[in-house]
Protein chains: 2
Amino acid sequence: MINPEYIGFLAAVLTTSAFLPQAYKIWKSRTTDGLSLTMYGVMGSGTLCWLIYGVLIESPSVIGANTISISIITFILIFIIRTKK
Amino acid sequence: MINPEYIGFLAAVLTTSAFLPQAYKIWKSRTTDGLSLTMYGVMGSGTLCWLIYGVLIESPSVIGANTISISIITFILIFIIRTKK
C-alpha cells in the first residue's frame, strides 16, 4: 500500500506552487490590479482552517501545505491592502 | 474535544467559495482574459492529488472539498481552453 503522505506531499507541492506565479507577478510589477481582496481574504481564512484541521487529524501534508500557502497568501494580501491605500 | 470534521467542513466551504466569484465572473463576461492556464492546470492537478489523499486517509472534509473544487476548476479550465482557440 502506498503511503498516503507521498500523495499528500505531491498535492501540497502542486497547490502551493499554483500561488507562486501570482506572488512573483505582484513582486515584479508592484501592482495588484485585478486581484480580489475578498477572494484572497476568504482563501486565507479557509487555509487557516485547513491548518487547524491538519493539526487536529495529525496530517503532516495538510499542515505543511497550508503553512506555506498561508505565508504566500499573507504576502499577497499585504500587497493588495498596501496598494489600495 | 471538538470534532475535526467541523473545522474541516468550514475550511472546505471557505477555500471552495474562494473560486466561485472567479467562476461567476467568467460565466457572466464569457472571457478569461488575465487568467493563467498554467496556474489553473497546476491547481487542478494538485486538487486531484488532494482528493486521492483524502480517500487514502478517509477524511470526509478533504474528499468533499476537493470534489467541489475540481468541478469549479474544470469549469474554469474548459472556458480558458475554449476562449484561447
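This is a predicted model: local features need pLDDT of at least 70, side-chain atom pairs count only at pLDDT 80 or more; totals for chains, interfaces and linings use all residues.
How many cavities of 30 Å³ or more does the structure hold? I looked, and there is one.

**Entry: the cavity**

I get a volume of about 350 Å³ for the largest cavity. Its lining has 20 residues, and Thr15(A), Trp50(A), Thr15(B), Trp50(B) and Asn66(B) are the ones nearest the centre. I then checked which elements give at least two residues each: from chain A they are helix 1 (4–17), helix 3 and helix 4 (60–84), and from chain B helix 3 and helix 4 (60–84). Helix 4 of chain B has the largest share, with five residues. I sorted the lining by class and got eleven nonpolar, nine polar and no charged residues.

**Entry: the two copies**

Next I superposed chain A on chain B: the rotation is 180 degrees, with 0.0 Å of shift along the axis and an RMSD of 0.0 Å. The copies are therefore related as by a two-fold rotation axis. I also looked at the contact residues, and 100% of those of chain A recur in chain B, so the same surface serves both copies. Which residue of chain A comes closest to the rotation axis? I find Gly34(A), whose C-alpha is at 4.2 Å.

**Entry: the pocket**

Gly34(A) turns up again in the largest pocket, where Gln22(A), Gly34(A), Leu35(A), Gly34(B) and Leu35(B) lie nearest the centre of a 26-residue lining. I noted helix 2 (20–29) and helix 3 (37–56), in chain A and in chain B, as the elements that contribute two or more residues. The space in this pocket is about 660 Å³. By class I have ten nonpolar, twelve polar and four charged lining residues.

**Entry: aromatic rings**

I get ten aromatic pairs over all chains. One of them joins Trp27(A) and Phe79(A), edge-to-face, with 6.2 Å between centres and 65 degrees between planes. This pair links distant parts of the chain, 52 residues apart, with Trp27(A) in helix 2 of chain A and Phe79(A) in helix 4 of chain A. Are the two partners buried or exposed? Phe79(A) is buried, because its relative accessibility is 9% and the cut-off is under 20%. Trp27(A), at 46% relative accessible area, is partly exposed.

Phe79(A) also pairs with Phe75(A), this time tilted, at 5.1 Å centre to centre and 45 degrees between the planes. Both sit in helix 4 of chain A, four residues apart, which is about one turn of the helix. Phe75(A) comes out as partly exposed, with 27% relative accessibility. I wrote down Trp27(A), Phe75(A) and Phe79(A) as a cluster linked by ring pairs.

Terms used:
Residues are numbered from 1 along each chain as its sequence is written. Chains are lettered from A and ligands numbered from 1 in the order in which they are written. Side-chain values use heavy atoms; hydrogens and water are left out. Copies are superposed by least squares on the C-alpha atoms of residues with pLDDT of at least 70 in both. Contact means heavy atoms within 4.5 Å. On a 1 Å grid over the protein atoms alone, a cavity is a set of points where a 1.4 Å probe fits but cannot get out, and a pocket is an open set with protein on both sides within 12 Å along at least five of seven lines; lining residues have an atom within 4 Å of a point. Grid points are joined across faces, edges and corners, and a volume is the space filled by probe spheres set on the points. Ala, Val, Leu, Ile, Met, Phe, Trp, Tyr, Cys and Pro count as nonpolar, Asp, Glu, Lys and Arg as charged, and the others, Gly among them, as polar. Rings of Phe, Tyr and Trp (its six-membered ring) pair if their centres lie within 6.5 Å; planes under 30 degrees apart count as stacked, over 60 as edge-to-face and the rest as tilted. Buried means under 20% relative accessible area, exposed over 50%, partly exposed in between (1.4 Å probe, protein chains only).
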